[in-house]
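Colleague: I would like to learn how to read the spaces inside a protein model, and I would be glad to go through them one at a time.

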Amino acid sequence: MKNLLLIIPAFLMLLSCKGTSQTTALAPMPADKKATKETVALYQNLFRLKEKGYMFGHQDALAYGVEWKYEEGRSDVKDVTGDYPAVYGWDFGRIENKESKDLDGVPFDKMREWMKQVYDRGGINTVSWHVNNPLSGKDAWDNPPGTVASVLPGGSQHEKYKGWLDNAAEYLLTLKGSDGKPIPILYRPYHEFTGDWFWWCKNTTTPQQFRELWVFTVKYFQGKGVHNLIYVYNTSNENVATEANFMEYYPGDEWVDMVSFDVYQGGEGEKREKFLKETKNIVAIMDKVAREHNKLCAIAETGYEAVPDAKWWTGTLAEAIGNHKISYVLVWRNHGWNDWFKPAKMHYYGPYKGQVSEKDFIEFYNRKNTLFQSDVTKEKLYR
Ligand code: BMA
């Protein structure tokens, strides 16, 4: 009898310990301890979703496409497949100056409406920010040494930069769904930092400075009451060959929710081989890191400009991703004819009606492991 009395509580304790550890393993929490209910739900649901496949994303998907602009309900991906992408990319560039349009001409008022539509139908919004150089006043691509140092606490541009973050926070706080809830956003600050083209890139910034900038930004937004962000760490393919390269500037598990990288294909032949080799290598590294750190992972930007390869989607992109459990792959915007480049050229990464890779994209769409809007609507990711 005495023994039995001891055994029963011990058995119950064992059960509850098991329960606790299982809950922890199954339900990772986002970095923001005060993340909204919907943000936590999205984060946790994404761990479940990646077992089913990866979502397809498109930058500025609802704003414009090749040869059209601002047509309600339209998307090039939808024209081709009858379905919207699952992930919709937006950029905050120019919000720092409270301009009415982003750096690619998308009105912020319309962006807010589109984000709401996306959330209402259970899709996912992700945001990057080509924020101007606060030291020089030029654009994000102006990369003199010392810019990051200038925005950190004690730096000459710190107060100004806080004002820029205030403007972004103010806008973020206006993003609400029809249910009145803040719209969860996959936020990808200081992207492609392993390159050498933005003012936050590693050629002008130390790992310590980058971490400080990251942590400062996260805390600043939290301090402003912004609790709908899932923080996405993002490298370029440049200068990333090993796990050590990928993680060199990692701010730490408590500040990051998802790890990702960007990579573009630059042409045929050797260039295609390079894309395949690098993408396979970094996807494998990223997938391993994500598992070990209990994070999500994604290819946050990719594409082959003007998709001249009729089989690119199934023949190269899907092949590069392989069986890795990534949350999504997003292709860059369908601008169309673009004279920002000299010489001017066609600048688009998604398919559109009549485009040479259209048929292959439909095949890609039809695969069981590629997820679009109709797939994720069913998943109720915010609950
Ligand atoms: C680049 C190009 C530019 C654009 C920038 C930010 O890749 O698409 O035209 O301004 O991204 O979206």
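Colleague: Which strand gives the most to the lining of the largest cavity?

Modeller: Before the answer, please note that this is a predicted model, in which local features need pLDDT of at least 70, side-chain atom pairs count only at pLDDT 80 or more, and totals for chains, interfaces and linings use all residues. Residues are numbered from 1 along each chain as its sequence is written, and side-chain values use heavy atoms, with hydrogens and water left out. On a 1 Å grid over the protein atoms alone, a cavity is a set of points where a 1.4 Å probe fits but cannot get out, a pocket is an open set with protein on both sides within 12 Å along at least five of seven lines, and lining residues have an atom within 4 Å of a point. Strands are DSSP runs of E with at least two residues, helices are runs of H or I with at least four, and both are numbered from the N terminus. Here strand 5 gives the most to the lining of the largest cavity, with 3 residues.

Colleague: Which residues line the largest cavity, and how much space lies in it?

Modeller: A volume is the space filled by probe spheres set on the grid points, which are joined across faces, edges and corners. About 40 Å³ lies in the largest cavity, and its lining includes Gln 59, Trp 90, Ser 128, Arg 188 and Tyr 328.

Colleague: Where does the ligand sit?

Modeller: A molecule sits in a pocket if more than half of its atoms lie within 2 Å of the pocket's grid points. In this model the ligand sits in the largest pocket, whose volume is about 840 Å³. That pocket is lined by 34 residues, with Tyr 264, Trp 332, Phe 341, His 347 and Tyr 349 nearest its centre.
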